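Please read the following report alongside the sequence and the three-dimensional view, which are shown directly below.

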Amino acid sequence: MINLKEKDRLDLTIEKLDHFGNGIAKVENQYVFVKGALPKEKVKAEITQVKKKFLNAEVLTVKKQSNDRVLVSCPYYELCGGCQIMHQNYLKQLEFKKTKVIELFQKFAGIEHLEIGKIHSGKQFAYRNKAIFHGKNKQLGFYQEKSNDLVEIENCLLVEKDLNYLYHRIQEYLKNDSNAVIHELIIRKTSSNEYMIIMNGNLNIKSFLKYLDNFSVTSVYLNHELVYGKEYITEEVFGLKFRIYPNSFFQVNYEMMKKLYQFVIDYYQNQSYETILDLYCGTGTIGMLVSSYAKEVIGVEIVHDAVLSANQNKKINQLSNITFLEGKVEDKISEFQKIDSIILDPPRSGLDSKTRETILKIAPKSIVYISCDPVTLARDVKSFLDEYTIEKVNLVDMFPNTYHVECVCVLTRR
């Protein structure tokens, strides 16, 4: 075996992509994961990390280019780390994500030929309605990949136009007011053009608002305190209203969020269920959207503020058949017995073993599992396969130009 070390350079032929969008090559039976490479390309790469079983590298030059490679228009692409596959043709990005899910289900769930329809997609750029910037020495920007070094940017291609504009104004304000300090800046926007600005730092709020150039902002928080406007902004989804507070989780791609939720609605509107249990329910969005298709919906959520928001949203939308319980899912789930269907939307880590076991004891007619991580989804699905069959898997490209993909998996009891 060749004794390779960091900074060594290699000529490589790329075979395929790994599940994070890196090219995979082999050197004497040792795998090399090459950032920025595409299948069938011949590249010169530099080793960035040496591990026992594999090497990490990045592309220096592309000697033979793939037809799927596109020119990247973001000048920060190789620094920022927010995107991983922007250098790949968008249709090929979608193909990569679909193949990735099929391969992960094969590896972690033992399913040889998972059938998936087309992956649903929308805008490739300007889709994010929320952006988080970090501040350092009068600069605002994104952290460089795997570091706390700041990349000050002109424009993020993934972020909606108005958020970029507000970011620019706040950047200018920071540089023109010698006393102003911003450690963190979050900007959120709704589909009806309500804006929330959340900051940590030290600044004069009157001069700050003046600097926004009469831009209509709904809500401003400074150091966890409301200093201007309303406590929340309001989003509307399929006729229901949802209040978004500073700590509220809400999907950042509005159009694709609707596509994702529509899959869930389409399933439930064709069923006749008495009781739906909505686990990891957050602010209650999905449970409320399907509440008209069941006699009762029960949501469980550990985050206190999310449960408060969920109860407010229930009141605003005049829904009487949905209840929200605060607590850990693994602690609360054993309280339930007669449940027709369970909705799961867990964190990236997926379900714990107790929750998986209790779901099997409850034995609902169906499980609708929404996941942002196909690895933990496939692992959890495997634990249900003796009792359940996969009815459908739908994919939504919530985050174009990244390796992430959102899945909705419907399981029905055998």
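This is a predicted model: local features need pLDDT of at least 70, side-chain atom pairs count only at pLDDT 80 or more; totals for chains, interfaces and linings use all residues.

## Helix α2

Helix α2 comprises residues 90-109, 20 residues in total, and its first and last C-alpha atoms lie 28 Å apart, close to the 28 Å expected at 1.5 Å a residue. At the start of the helix, a side-chain oxygen of N89 comes to within 2.8 Å of the backbone nitrogen of L91. Just after the helix, G110 adopts a positive phi of about 70 degrees.

The buried residues of α2 are Y90, Q93, L94, F96, K97, K100, V101, L104, F105 and A109. Because they cover an arc of only 165 degrees around the axis, they fall on the same side of α2. The elements against which these buried residues pack are β2 (16-17), α10 (374-384), β21 (388-396) and β22 (406-413). On the other side of the helix, by contrast, L91 and K107 are exposed; L91 is also the residue whose backbone nitrogen is approached by the side chain of N89.

## Positive phi outside glycine

K7, although it is not a glycine, has a positive phi of about 80 degrees. This residue is found in the segment before β1 (9-13), and its relative accessibility of 61% means that K7 counts as exposed.

N223, likewise not a glycine, has a positive phi of about 50 degrees and lies in the loop between β12 (219-222) and β13 (225-229). With a relative accessibility of 36%, N223 counts as partly exposed.

## Salt bridges

In the pair formed by the side chains of K189 and E160, the N to O distance is 2.7 Å. This pair links distant parts of the chain, since K189 belongs to strand β10 (residues 181-189) whereas E160 sits in the loop between β9 (150-152) and α3 (161-176), 29 residues apart. Both partners fall under the 20% cut-off for burial: K189 counts as buried at 12% relative accessibility, and E160 counts as buried at 16%.

Within helix α3, the side chains of R169 and E172 meet in a salt bridge at 3.3 Å, N to O. R169 and E172 are separated by about one helical turn because they are three residues apart in that helix. R169 counts as buried at 17% relative accessibility, while E172, at 36%, counts as partly exposed.

## A strand-to-strand pair and a network

The side chains of E274 and K295 also meet in a salt bridge, with an N to O distance of 3.5 Å. Here again the pair links distant parts of the chain, with E274 in strand β16 (residues 273-279) and K295 in strand β17 (residues 294-301), 21 residues apart. E274 has a relative accessibility of 44% and counts as partly exposed, whereas K295, at 60%, counts as exposed.

Beyond these pairs, D11, K44 and K63 are linked in a network of salt bridges.

How values were computed. Residues are numbered from 1 along each chain as its sequence is written. Side-chain values use heavy atoms; hydrogens and water are left out. Helices (H or I, at least four residues) and strands (E, at least two) are DSSP runs, numbered from the N terminus. The expected span of a helix is 1.5 Å times one less than its number of residues. Buried means under 20% relative accessible area, exposed over 50%, partly exposed in between (1.4 Å probe, protein chains only). The arc is that of the directions from the helix axis to the C-beta atoms. Contact means heavy atoms within 4.5 Å. A polar contact is a pair of N or O atoms within 3.5 Å; within protein, one must be able to donate a hydrogen and the other to accept it, and residues adjacent in sequence count only if both atoms are side-chain atoms. A salt bridge is a side-chain nitrogen of Lys or Arg within 4 Å of a carboxyl oxygen of Asp or Glu.
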